[in-house]
Amino acid sequence: SESSIVDDKTAWELYYPPFQAAVDAGVAAVMCSYNKVHGEYSCSNSKQFKVLKESMGFKGFVQSDWWATHNTSIAAGLDQEMPGIGSGVEYHGAFFDANDLEAEEQTTIDQAATRVLAVIHKMNLAASTAACSPPHCKDFLLKDVSSLAHVRLARTLAAQSVVMLKNKDVLPLSSASTKSIAIIGPAANASQGYVGFVTGDYYSGGGSGHMMGNVTSAFAGLRARAQELGIDVVFSLTDNKTAAAEAAARAEVAFVVLGATSGEGRDRPDLRLDGNADALVREVSAVAKATVVLVQAPGAVLMPWRDSVEGVLVMFLGGQQTGDAWADIVFGDQVPTGRLPVMMPEAEEDSIPPGTEPDVVYSEGLATSYRNPDFRAAYAFGHGLTYTTLEYQNASSSLCGNTSECEVRIRVSVKNTGGRAAPTVAQLYLQFPAAAGNSVPVLKGFKKTSEISPGSSQEVVFELTQHDLSYYSAERGDWIKATCD
C-alpha cells in the first residue's frame with residue numbers, strides 16, 4: 001500500500017480540519033485505512049492515533065478497515081479489529097484474539113473496551129439493535145424502510161446541491177418561453193449499476209458505500225416535468241453524434257447530460273467526462289438554438305466546450321432523485337443554491353495529479369485547488385449562480401470582546417437586486433500575512449441565508465475565533481495567531 005508523506009503544517013491546515021470538525025460534532029467511531037502514513041500502516045500508526053485522540057480530543061473508538069490490520073496494535077491506539085487479516089505468508093487469523101491480547105497491558109485493553117462500550121451506551125445500541133441477533137439479520141437489514149417523506153427529502157437535497165456554473169439567459173424554462181426541448185446523451189438515461197467492487201455510476205460512488213435504489217434518471221425527470229407543462233420532448237440517448245445533432249435541431253433548447261464515475265481502491269484515470277462527451281457537446285452546440293449541459297460527476301471535471309454553450313450545471317452524484325432534482329432546477333420550481341466545493345480546472349495540468357510511487361509525497365503543500373495561484377480555473381472554487389442578482393453591502397468588522405470564543409465579528413448585508421426570491425451562500429475569505437505560507441485568501445466561513453425577497457436585504461454575521469485567525473507553525477508545533485504586516 002502507498003505511504004502518504006505529508007508535512008505537519010499541510011496536515012493541520014488542509015487535511016485534518018474535516019476530521020477535527022467531525023470530532024467537534026461528536027462523531028462516535030473512526031476507521032483506519034489501508035495505506036501507510038510516513039511509512040507506518042494507518043492501523044498501527046501511534047502518531048496518527050495520538051493526533052486523533054489527544055490533539056483533536058476524540059472520545060470514541062477506532063476500528064480497522066477489513067484487511068487493514070497488520071499486527072496487534074491495540075497499544076498504538078486501535079480499539080477494535082474488523083475481519084480479514086492478511087493472506088499467504090501474512091495470514092494471521094486475528095490479531096485481537098485471546099492469545100495476542102494476553103500479552104498486552106490490562107489498562108490498554110480496558111481503555112479500548114471503555115471507548116467501545118461508551119459509544120454503545122451513548123447511542124443506546126443495546127436497545128436499538130435488539131430486533132435481531134447476528135447472523136440472523138438478513139431480513140431485518142434488507143427491509144424497505146423508505147417513505148414518501150424520505151423521497152421528498154432526497155429530491156429537495158439533490159436539487160439544493162445543484163451548482164449552476166453558467167446561464168446565458170436560457171434558464172429557468174417555462175411553457176411560455178419554450179415549446180420544445182431535446183434530451184441528449186447516454187448519461188441521461190443511464191441505469192444504476194454495480195460493475196465489480198470499485199466502479200460506481202452517475203448516482204452513487206463505487207465501493208462499499210455504493211447505494212442501490214429506485215433511481216429517477218435525468219431523462220425521466222426532465223421529460224415528465226416538460227410533459228406536465230405541455231412542452232414537446234425529443235431525445236437521443238446514445239453517443240451517436242448525428243442522431244444528437246438531429247434531435248438538437250428539432251428543439252428550442254437542447255440538454256446534453258454528461259457523467260463521470262469514481263470508485264474505491266483506484267484513482268480516476270483523468271478528469272475527462274465519460275465516453276464521447278466532449279465531441280457530443282460540440283456537435284450539439286453547433287446546431288442547437290441553445291445548449292445546456294448537465295453534468296453528473298464525483299468531483300472536478302474538464303469542460304473544454306464551456307464557451308460554446310448557453311448553460312452549465314453540475315450535480316455531484318445526487319442519488320435516487322437525480323432526475324426530478326434536475327427538473328426542479330431547470331424549470332424553476334426551485335432556485336439553484338449550490339456552490340462549488342472544488343475548483344473546476346481549465347486543463348488537466350491545473351490540478352494535482354495522483355501519486356503513483358510507493359511513497360506519495362504531498363510536495364505541493366498548501367498549494368492545491370484555489371490555493372494555488374498558478375492554477376487556472378474554468379470555474380472558481382465557491383462559484384455558483386442563481387435566478388436573481390445579489391449585492392453585498394455595508395461590510396464591517398469589530399472586536400467581539402471577552403464574552404465568548406469570538407475574537408472578530410464580520411457583518412455584511414446581502415440585498416436581492418433581482419426579480420426572484422432566493423437564498424444565497426455568503427463566503428468569508430481571509431488573507432494571511434506572508435509568514436503563514438498562504439499566497440491567496442483562504443475560506444474561513446460560509447453561511448446560507450434564508451430566502452431573500454426581491455428588494456429586501458438580510459444581514460450575515462461571521463464570528464471568527466482565535467483558531468480561525470491562526471496558522472500552524474511546524475517549527476513550534478503549535479498555532480500562531482496572525483498579525484497584520
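Student: Which residue follows H3, and is its phi positive or negative?

Tutor: H3 is followed by Gly57, whose phi is positive, near 80°; helices here are DSSP runs of H or I with at least four residues, strands are runs of E with at least two, and both are numbered from the N terminus. This is a predicted model, in which local features need pLDDT of at least 70, side-chain atom pairs count only at pLDDT 80 or more, and totals for chains, interfaces and linings use all residues. Residues are numbered from 1 along each chain as its sequence is written, and side-chain values use heavy atoms, with hydrogens and water left out.

Student: Which residues of H3 are buried?

Tutor: In helix H3, residues 46-55, they are Phe49, Val51, Leu52 and Lys53, where buried means under 20% relative accessible area, exposed over 50% and partly exposed in between, with a 1.4 Å probe and protein chains only.

Student: And what do they pack against?

Tutor: The buried residues of H3 pack against several elements, including helix H1 (8-15), strand S2 (29-32) and helix H5 (106-122), and contact means heavy atoms within 4.5 Å.

Student: New topic: which residues touch the most other members in the largest nonpolar core?

Tutor: Of its 37 residues, these are Leu171, Ile181, Phe255, Leu294, Leu313 and Phe331; a nonpolar core is a set of buried Ala, Val, Leu, Ile, Met, Phe, Trp, Tyr and Cys residues joined through side-chain atoms within 4.5 Å.

Student: Where does the largest share of this core come from?

Tutor: H12 supplies that share, five residues.

Student: How many helices and strands are in the protein chain?

Tutor: The protein chain has 12 helices and 21 strands.
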